[in-house]
Amino acid sequence: MKALKFANLLMIALALTVPAVGCKKKPTNVTPLPGQPGYVGDGGAAGLEGGGALGPGSETGAGGGPLADPSRFANMKPDREALAAYTVYFDFDSSVVRSSEQGKVAEVAASLNSSTANALRIEGHCDERGTEGYNLSLGERRALALREALVAAGVSADRMETISYGEERPADAGHDEIAWSKNRRGEFILLLP
Amino acid sequence: MKRPLQTLHLTLGLMLAASLASAQTELTITKTAGPGLDKPTLVSLSGFSGEVASVIQFDLYVQGFKFVSPEEAQYLISGSHAGNVQGRVTDRLVKQPLFSRSYSGASLRRQAHAFTDDVVQAIRPGSQGIAQTRIACKVESGANTEIYVADFDGFGATSITGGDKTLAKSPAWVPGRSALLYTSYKRGRPEIFRHDTSTGSRAVVAGYGGSNLMPAPSPDGSRVAMVLSKSGMVDLYVANADGSNLKQLTRSTEYESSPCWSPDGNWICFATQLKGGGRVLAKVSPAGGDVQRIRVAGVSRPSEPDWSPDGKWIAFTAQMGSFQLCVVPAEGGAATALSGGDDPSWAPNSRTVIFTRHGGGRQTLSLLDVPTKQVKDVPRISGSNNSQPAWAR
């Protein structure tokens, strides 16, 4: 039991260090979650009885700001190929944009900054291991995390829309870690005028 | 939402029931020991065959009845269905008939459902049968998903979104009405629609920028809770039933999911995270204010809560290697894992739950009687995977 507790604390500690590495700019905009399958996060041995701050209520600081009115993108033509090479992959149960993926974000930002008539759709996807409800929210959180990263790279927030597909559109239909790692992703779809 | 059997004429037979002795017996039986701890009510069945017999057995099994020989049974269920269903129930211990009735009109199947509702009411006075209730669910159809509505046992299923050729998900009934809310991608993005199943008419309830997800109508149908990302964060909102008067209830970098209402309408329960990680269930007043945590001890990673209609329990999914269907007292406390599976939705009787079971590479709807842990699969509605069940109530 003790060993388990220690392992949990270690995982939490490790998870907490991730944003500092992965997202230097705005560490408060990312949501580190202990990501290991064996994690007992709540109410078990390491249960946070009455402890642990709940975020909701008063906090502000939405990274990318409000989404643009969807009508802005209604008549634009989606090009799924143009930015397909820059699909960003996520860690299990995480919406943190890894430092190894920042180069892709920079490429997408460069593309958008070079042709300002274009816009961008960001699709957030999950692997099949979360519940459907949870994954819908996580997928959207991933899309929003990429939007924040692009805003930080100089792209205007109102040129981007986000869509969550949850676990509905896997890139790989398999049921193993290789498939799952390909399915935890954010796709960039260029929108042409 | 209970669909009454309008064409059916109930012929009330002899109501010899309700002696003091049998009332006392019944009282001890209705008392529950706790989730998963109750013994099933032992009944025997005779005189029925074919579809009528299987309907009666299915209906009663998922409400905590078990079929045994007449010698072991506490209640004897007997009857016939030559032309129409006739049935009676006898308390074997006190040798008293509880009721005897015959049914006509509609179909034998509907008559059998009506009979089992009477059986439940006679053996457990004050409780409500579920045999004539409806469900909705998501059905995978190639790359698309559709919303289906069906009887609670999967019979008579029809798609209400078949023409859309897109993703439709997260169905939720407006309580007491022939209307559903769900998310559809039919206009290219996830938006929340209200769908009147009697007229087929649809209206957008939330079509904001970003994703519009997981609608939950309030118990009186006047409001809707939902998860939106319009602010640039995934947060919980509440609005009038038509989407007007939108109010943001959470403002955080964490992401909320799967709202549901307490039956008195005073709370919206949902899944979220603690700062720095750790998933929790929480609740907030639809008027706004502080978010309160609902403690679930003994299990991890809770999500997809659903509040029982009697207000006492919250069913939810825990993730501990695999999905586990759990219940916890609504005020929080020790959670009980009852079955593998996820995404529970309570029946109007506050004891049966419909959920999604994973097995054989497929998702199947399944019914769980919470007090006895008796589980039975719902026959496949259509397509391949069936999931996200929602009970009309």
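Predicted model: local features only at pLDDT ≥ 70, side-chain atom pairs only at ≥ 80, totals over all residues.
The pairing of β17(B) with strand β16 (residues 235-240) of chain B is antiparallel and comprises two bridges.

I then traced the sheet around these strands. I noted an open, antiparallel sheet of four strands in chain B, ordered β14-β15-β16-β17. Its edges are β14 (212-217) and β17 (247-248) of chain B, each of which pairs on one side only.

I next asked how many residues of strand β29 (residues 352-359) of chain B are buried. I recorded six of the eight, so this strand is largely enclosed by the rest of the structure.

I followed β29(B) to both of its hairpins. With strand β28 (residues 342-346) of chain B, β29(B) pairs antiparallel over three bridges, and S345(B) faces I354(B) there. Five residues lie between β28(B) and β29(B) in this hairpin, and S350(B) in the turn has a positive phi of about 60°.

With strand β30 (residues 362-369) of chain B, β29(B) is joined antiparallel by eight bridges; I listed L368(B) as the bridge partner of V353(B). Two residues lie between β29(B) and β30(B) in that hairpin, where G360(B) in the turn has a positive phi of about 60°.

Last, I checked the domains. The assignment divides chain B into domain 1 (9-123) and domain 2 (134-391), and their C-alpha centres are 32 Å apart. I found 11 residues of domain 1 in contact with 15 residues of domain 2 in chain B. The domain 1 side of this contact holds five nonpolar, four polar and two charged residues.

Terms used: Residues numbered from 1 in each chain as written. Chains lettered and ligands numbered in written order. Domains from an automatic or database assignment. Contact = placed C-beta atoms within 7 Å. Nonpolar A, V, L, I, M, F, W, Y, C, P; charged D, E, K, R; others polar. Pairing = 2+ DSSP bridges. Buried ≥ 20, exposed ≤ 12 C-beta atoms within 10 Å, placed from the backbone.
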